[in-house]
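Subject: Structure for your files

Hello,

Please find the structure below, with the sequence alongside. My notes on what turned up follow it.

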Amino acid sequence: LSPELRQKMLYGDLDSVSGQYFTNFSMERHTIKAAEVSSRIKWEDWQVPWIGSDYGLAHFWCTYWLRLALVRDGDTWKRKCVVYKELCEHDKSIADYAKLVNERNNGEKLAYTFFSPERFNRTDPQHTPADQFTSELRKYRLPPATRASNERIAGATFLYSMFDGDSIAIIEDACPNLISALPTLIRDPKDIEDVLKAETLEDDC
């Protein structure tokens with residue numbers, strides 16, 4: 001039996017997904033409830049947050065806020081990448097979505113806005129979607145769009161290694177879509193190192 005089917009049969013784990021990509025993701029190890037933030041996270045003023053934004057129109061457009069911080073596990077403090085906000089919307093114009101990003105950001109100083117690499121390709125003679133997003137972000141004094149890596153497999157394996165090394169923490173109450181998505185992502189049978197693409201919110205996350 002696969003590990004996933006074994007979990008279901010032995011332990012009644014109905015959340016186990018056959019072919020699950022992030023088998024090492026654990027709610028207990030990798031998430032923190034909002035009520036625990038003050039006792040388990042030390043925010044350091046010199047660690048400036050950044051956002052990663054993956055464009056969508058019919059699909060969901062998802063943005064995440066990340067910041068390095070000291071996180072307490074038991075009696076030990078370890079510096080981790082903390083994912084502490086999300087914004088998932090669809091059917092929004094670039095101008096409307098940038099406005100929502102600014103509202104969700106709530107005045108934080110950001111270092112970077114990493115943006116979907118394919119949106120730096122020209123779709124009209126004048127501007128790329130990245131240009132348009134940058135123009136809207138600047139209205140709110142937010143960082144311009146910076147091209148994110150287009151290496152899906154490298155990104156997925158890097159996140160897998162972060163879960164393995166307990167180098168990432170997600171604030172549970174602030175990122176419900178991300179947390180619900182992680183256990184559902186499965187390996188692509190044509191390339192088991194990659195995540196299978198699907199027409200779902202979970203895949204957009």
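V82 stands opposite A169 in β8. Strand β5, which covers residues 76-89, runs parallel to β8, and 3 bridges join the two. Strand β1 (residues 31-32) also pairs with β8 in the parallel sense, over 2 bridges. Here T31 stands opposite I170.

Are the faces of β8 covered or open? Both are covered. I168 and I170 on one side are buried, and so are A169 and I171 on the other.

**The nonpolar core**

The largest nonpolar core has 46 residues. The residues with the most contacts inside this core are I41, V82, V83, F133 and I170. Two or more residues each come from β4 (61-73), β5, α4 (94-105), α5 (129-138), α6, β8 (168-171) and α7 (176-181). The largest share, 7 residues, comes from β4. As a general point, nonpolar side chains in soluble globular proteins tend to be buried together.

For I41, the contacts beyond four places in sequence are I32, A69, L70, V71, W77, V82 and I171.

**K80**

K80 is the residue I would look at next. It is found in strand β5. K80 counts as buried because its relative accessible area is 1%, against a limit of under 20%. Which side chain does the side chain of K80 meet in a polar contact? The partner is the side chain of D73, at 2.7 Å. Leaving out residues up to four places away in sequence, K80 touches R29, R67, L68, A69, V71, D73, D166, S167, I168 and A169.

**Loops**

- S149 lies in the loop between β7 (145-147) and α6 (152-164). With a relative accessible area of 58%, S149 is exposed. A polar atom of the S149 side chain lies 3.1 Å from the backbone nitrogen of E151. The C-alpha atoms of S149 and S116 are separated by 8.0 Å, while the two residues are 33 residues apart along the chain.
- D91 has its place in the loop between β5 and α4. Its phi is near 55°, a positive value in a residue other than glycine. D91 is exposed, at a relative accessible area of 54%.
- N106 sits in the loop between α4 and β6 (113-115). The phi of N106 is near 55°, again positive in a residue other than glycine. N106 is exposed, with a relative accessible area of 66%.

For background on the last two entries, most residues other than glycine have a negative phi.

**Confidence**

The mean pLDDT of the protein chain is 88, and 87% of its residues reach 70 or more. Where does pLDDT stay under 50? That stretch is residues 4-9, for which the model has 14 contacts beyond four places in sequence. Where pLDDT is low, the predicted coordinates should not be read in detail.

Regards

Terms used
Residues numbered from 1 in each chain as written. Predicted model: local features only at pLDDT ≥ 70, side-chain atom pairs only at ≥ 80, totals over all residues. Heavy atoms only, no water. Helix = DSSP H or I, 4+ residues; strand = E, 2+ residues; numbered from the N terminus. Buried < 20%, exposed > 50% of the residue type's maximum accessible area, 1.4 Å probe, protein only. Polar contact = N/O pair within 3.5 Å; in protein donor to acceptor, adjacent residues only side chain to side chain. Contact = heavy atoms within 4.5 Å. Core = buried A, V, L, I, M, F, W, Y, C linked by side-chain atoms within 4.5 Å. Pairing = 2+ DSSP bridges. pLDDT = per-residue confidence, 0-100.
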